[in-house]
Amino acid sequence: MRKIIFTLALLTSCILSSAQDLEVQKKDSLPKKTFFDRLSFGAYGEIGFSRNFYSDHVSRYSQPEAHKDDPSHGRFDIPHVAISIGYDFGKGWSFGTEIEFEHGGNGIAYEKEDEEGGEWEQETEKGGEVELEQFWIQKSFDKWANIRIGHIVVPVGLNNAHHEPLNFFTVYRPEGENTILPSTWHQTGVSFWGRYKDFRYEAQFLAGLNADHFTNTGWIHKGHKSPLEFDIANKYGLALRLDNYTVPGLRIGISGYYGHSIGNSYPRNANGVDAEYKGVVAIGSIDFTYNAHNWIVRGQGTYGYLGDAEQLKYVYNRLNSKSPYKHSAFVSKNAYAIGIEAGYDIFSQIHYMRNHHQKMYIFGRYEQYNPYASKTKDTDYGYTEVKRMALGLNYHPIKQVVIKAEYSKRFLKSLYNNEPSLNIGAAFEGFFDFGHKTLAKQEQYDVQKLNERINQLQQQLDELKQKTM
């Protein structure tokens, strides 16, 4: 009997000791995090080559027959290179930043405005070709409640919410949403976001878009830009997003935006169109991604409405020839973009490639979009209505790198010439934490082992108790 009592006491002591060790380890885990443990770093980039088998003349749409047999033209480009850095201060406080280099350079660039009769203009977007795409401070209360303040990505549509180059098959970002919406859409504001069970949600309060930047060929695409040293906030906007992950491998999301845009300019005109009209911008979008059984399928549908669109032509800044906002064309009341792509990993059927974690997706994509879906005051720009198809390959030699190739073709109305092209590109995407995840996994492993030991001791104690009864 004494031996049994002694054994019971010893097991109880072991359980208590193990539990104490567990608590001590949890408390001791925080000081183990060094500067590099709290630091995170990421980057992504794209390189592209295109050979376009159609005319690049400014009058290719106004005089399509004259340019039907024009020679092809090619270009190399580095569309996006982004570098992100983040740091975890502790107690729920962190910050993140992302700097993006667009088209491989910085400074002032020239562009030819086709809708202005081929007029050459200096690009006056703030920051030239280098942009601070994100800079925010965040307080995390729990997994379901986080507040982020600063310059943030606006996750309206599939392209903005998932804009990194491994999230689309084509060499360049999908044209539809990239044409009618800002991409990547980033503005200064406040965000509340979190995740609860199978749902992720986000609500943002932002500065409004600037209607002076809206165009007939890009709708609100440039509306978040500012040629000034600050973002104008005379008007405001609200963005919402909700994603569901209930079905394994499937994410379904809905997103939307509402805000006023006329009068959100500098200097603010107290009279005329600027003061009389609001320029409501309302956008709704639904999108999904399915990644399972060696298939990746992505799709989205986005529809937009612009109130008082017929008045934009008469806004003071758009009439002033010295203004960076000068634009003579009408803007559409409505715009839309729909698209779907599907790819199958053919290397999944090859034993050697599968074991070496290499993938080769053969894919197809179809999209249809129109930034000028409404004939404002019966003015038509028929060449803006586009249907596009693409077929190609994505080769992943390693998880973070992809080599892309595609043949694509834009189908325009019969009045115009179709636009085929061959695109080849390479991209990478990598995010690193300098030890964060490694440390977390080690802590989780140690805690799991201690829990297993406690359970074993508890089981032995229960068995001894049964024998003594």
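Visitor: How many salt bridges does a search of the whole structure find?
Guide: A salt bridge here is a side-chain nitrogen of Lys or Arg within 4 Å of a carboxyl oxygen of Asp or Glu. This is a predicted model, where local features need pLDDT of at least 70, side-chain atom pairs count only at pLDDT 80 or more, and totals for chains, interfaces and linings use all residues. Residues are numbered from 1 along each chain as its sequence is written, and side-chain values use heavy atoms, with hydrogens and water left out. Searching the whole structure gives 17 salt bridges.

Visitor: How far apart in sequence are the parts that E100 and R173 tie together?
Guide: E100 and R173 form a salt bridge, with their closest N and O atoms 3.8 Å apart. E100 lies in strand β4 (residues 93-102), and R173 in the loop between α3 (158-161) and α4 (175-180), so the pair joins parts separated by 73 residues. Helices (H or I, at least four residues) and strands (E, at least two) are DSSP runs, numbered from the N terminus.

Visitor: Is E100 buried or exposed?
Guide: Buried means under 20% relative accessible area, exposed over 50%, and partly exposed in between (1.4 Å probe, protein chains only). E100 has 0% relative accessibility, so E100 is buried.

Visitor: Which residue forms a salt bridge with R251?
Guide: R241 pairs with D243, the closest N and O atoms being 3.0 Å apart. Both R241 and D243 are buried. R251 is also buried, and its side chain meets, at 2.8 Å from N to O, that of D243.

Visitor: With which side chain does the side chain of E341 make a polar contact?
Guide: E341 sits in strand β15 (residues 334-345) and is buried at 1% relative accessibility. A network of salt bridges links E341 with residues including E175, R298 and R388. A polar contact is a pair of N or O atoms within 3.5 Å; within protein, one must be able to donate a hydrogen and the other to accept it, and residues adjacent in sequence count only if both atoms are side-chain atoms. The E341 side chain reaches the backbone nitrogen of F169 at 3.3 Å, and at 3.2 Å it contacts the side chain of R365.

Visitor: How many residues has the largest nonpolar core?
Guide: A nonpolar core is a set of buried Ala, Val, Leu, Ile, Met, Phe, Trp, Tyr and Cys residues joined through side-chain atoms within 4.5 Å. F214, I220, Y257 and I283 have the most contacts inside the largest one, which has 36 residues.
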